[in-house]
Amino acid sequence: MKKIVKNLQVIVALVFALLMLSACFTSKSELPRNTSNAHSNKENTVTVIIEGKSKRYQVKKCTTLLSFAISQLNAKEDEGFITSVGNLRQNTKESIYLMFDINGKRSVIGAGGIKIINGEKIRFYLEKY
């Protein structure tokens, strides 16, 4: 009987741990994405806003925001983080960092993990922490 109770306690503890861990992961539905027309063209059209200036770009499907920013926006990166784009440059000594949002929502993942989708609006800006 004691063995059954102990096994049951272990199973309950494992289930609880799995539930707690699953709450830590972001679901795809929480990511700021515009999925309309996401797979209709060979290229995606995105709007990029830097310092209030907006410009549209054609981007191949499956292109990450990081590779797009480096190739099309002459962005600089350090260890996977975009550190400058256009005239915006982060200054870590003054705790000013380059940030971006997609369709008005701050991204929860880095630029290297974001595949650009047709119709998105990507805004780069500086923020002090």
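Q: Thanks! Before we start, what kind of model is this?
A: This is a predicted model.

Q: OK. Where does A69 sit?
A: A69 is in helix α2, which covers residues 65-72.

Q: Is A69 buried or exposed?
A: A69 has a relative accessible area of 0%. The cut-off for buried is under 20%, so A69 counts as buried.

Q: And which residues does A69 touch?
A: Leaving out residues up to four places away in sequence, A69 touches N74, A75 and I82.

Q: How far apart are A69 and A111?
A: Their C-alpha atoms are 8.8 Å apart in space, while in sequence A69 and A111 are 42 residues apart.

Q: Let's switch to V85. Where is it found?
A: V85 belongs to strand β4, residues 81-85. With a relative accessible area of 0%, V85 is buried.

Q: What does V85 touch?
A: Setting aside residues up to four places away in sequence, V85 is in contact with I50, L73, A75, L98 and F124. There is also a C-alpha distance to give you: V85 and I70 are 15 residues apart along the chain, with 8.4 Å between those atoms.

Q: What about S84, where does that one lie?
A: S84 lies in strand β4. S84 is buried, at a relative accessible area of 8%.

Q: And which contacts does S84 make?
A: S84 touches A75, K76, R89 and L98, again not counting residues up to four places away in sequence. From S84 to N74 the C-alpha distance is 8.4 Å, and the two are ten residues apart in sequence.

Q: You mentioned β4. What is the order of strands in its sheet?
A: The order is β3-β4-β5, in an open sheet of three strands with antiparallel pairing.

Q: Which strands stand at the edges, and why does one side of each lack a neighbour?
A: The edge strands are β3 (76-78) and β5 (88-89). Each has a single partner strand, so one side of each is left without a neighbour in the sheet.

Q: How do strands in a sheet pair, anyway?
A: Through backbone hydrogen bonds, either parallel or antiparallel.

Q: How many bridges are there between β4 and β5?
A: β4 and β5 pair over two bridges, in the antiparallel sense.

Q: And what does V85 stand opposite?
A: V85 faces L88 in β5.

Q: New topic: how many residues does the largest nonpolar core have?
A: The largest nonpolar core has 22 residues. V48, L65, F68, L73, I82 and F124 have the most contacts inside it.

Q: Which elements give two or more residues to this core?
A: Those are β1 (43-50), β2 (53-60), α2, β4, β6 (96-102) and β8 (121-128). Helix α2 provides the largest share of this core, with four residues.

Q: F68 was on that list. What does it touch?
A: F68 is in contact with V46, V48, Y57, V59, T63, L73 and I116, not counting residues up to four places away in sequence.

Q: How about rings, how many aromatic pairs are there?
A: The structure holds three aromatic pairs. One of them is Y97 with Y129: the ring centres are 6.2 Å apart and the planes are at 55 degrees, so the pair is tilted.

Q: Which parts of the chain does that pair tie together?
A: Y97 lies in strand β6 and Y129 in the segment after β8, so the pair ties together parts 32 residues apart in sequence.

Q: How accessible are Y97 and Y129?
A: Y97 is partly exposed, with a relative accessible area of 28%. Y129 counts as exposed at 52% relative accessibility.

Q: And F100 with F124?
A: F100 and F124 form a tilted aromatic pair, 6.1 Å centre to centre with 50 degrees between the planes.
A: F100 counts as buried, at 13% relative accessibility. F124 counts as buried as well, at 3% relative accessibility.

Q: Last one: where does the charged end of R123 sit?
A: The charged end of R123 sits over the ring of Y125, 4.1 Å from the ring's centre.

Methods: Residues are numbered from 1 along each chain as its sequence is written. This is a predicted model: local features need pLDDT of at least 70, side-chain atom pairs count only at pLDDT 80 or more; totals for chains, interfaces and linings use all residues. Side-chain values use heavy atoms; hydrogens and water are left out. Buried means under 20% relative accessible area, exposed over 50%, partly exposed in between (1.4 Å probe, protein chains only). Contact means heavy atoms within 4.5 Å. Two strands pair if DSSP finds at least two bridges between them. A nonpolar core is a set of buried Ala, Val, Leu, Ile, Met, Phe, Trp, Tyr and Cys residues joined through side-chain atoms within 4.5 Å. Rings of Phe, Tyr and Trp (its six-membered ring) pair if their centres lie within 6.5 Å; planes under 30 degrees apart count as stacked, over 60 as edge-to-face and the rest as tilted. A charge sits over a ring if NZ of Lys or CZ of Arg is within 6 Å of the ring centre and within 35 degrees of the ring normal.
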